[in-house]
Amino acid sequence: MYAKKRPQTPLVVNVKWRTVQLYTLMQVCIAGCIFGVAQFSAVGYIFPILVVILIPFRLYVVSRIFNDDDLIYLDPIGETEEEVHDEKVKYLEHKPSIDEAEIDALPGFSDFHADGMLHDIAEKKSHDAEEASNESTLNRRHQAATTEENEA
């Protein structure tokens, strides 16, 4: 994912992207192992033990793999509801609109305008009216020419 397309949350802004990816991969692998073990009835009884092992794993193993400054954002243990709410409000205030996010992008299909194509309803109506008046003028000229030929 391009850096400018990532949401500007404190996690993404303050932690390296590779660290976020590594932490997420670790979480997915651990969750997959736990749910995989739970599916087999022969060893399914150790499921609660695996869940309990997560506590010392977080305290001792994860804290040695990741920096403490990164863990503040990756795994906010002591964050209060007010802090979470303030972060959400700050994010939503600075969330760019679709137009602002795409302003640097290459021209897309919506930016394509072919020559001779009508792009506006008013333009189409005026074009249709102009065609109708031109057609009626041609019809009158044709009728005048055919009546002159018949008279001669």
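Which residues make up the largest nonpolar core? The core consists of Val15, Val20, Tyr23, Met26, Val62, Phe66, Leu71 and Leu74, eight residues in all. A nonpolar core is a set of buried Ala, Val, Leu, Ile, Met, Phe, Trp, Tyr and Cys residues joined through side-chain atoms within 4.5 Å; buried means under 20% relative accessible area, exposed over 50%, and partly exposed in between (1.4 Å probe, protein chains only). The model is predicted; local features need pLDDT of at least 70, side-chain atom pairs count only at pLDDT 80 or more, and totals for chains, interfaces and linings use all residues. Numbering runs from 1 along each chain as its sequence is written, and side-chain values use heavy atoms, without hydrogens and water.

Helix H2 (17–39) and helix H4 (68–74) each give two or more residues to this core. H2 gives the most, with three. Helices are DSSP runs (H or I, at least four residues), numbered from the N terminus. Leaving aside neighbours within four places in sequence, Met26 is in contact (heavy atoms within 4.5 Å) with Phe57, Val62 and Phe66.

On the surface, Leu22, Leu25, Ile55, Leu59, Tyr60, Val61 and Ile65 form a nonpolar patch. Together they have about 690 Å² of accessible area, by the Shrake-Rupley method with a 1.4 Å probe. H3 gives the most to the patch, with five residues. Leu22 is found in H2 and is partly exposed, at 45% relative accessible area.

Zero disulfides (cysteine sulfur pairs within 2.5 Å) are present. The sulfur of Cys29 is 6.7 Å from the closest cysteine sulfur, in Cys33, too far for a bond. Cys29 is partly exposed, at 43% relative accessibility. Cys33 is exposed, at 51%.

Note on methods: Patches are made of residues with over 30% relative accessible area and no salt bridge: like charges are joined within 9 Å, nonpolar side chains (Val, Leu, Ile, Met, Phe, Trp, Tyr) within 5 Å. A salt bridge is a side-chain nitrogen of Lys or Arg within 4 Å of a carboxyl oxygen of Asp or Glu.
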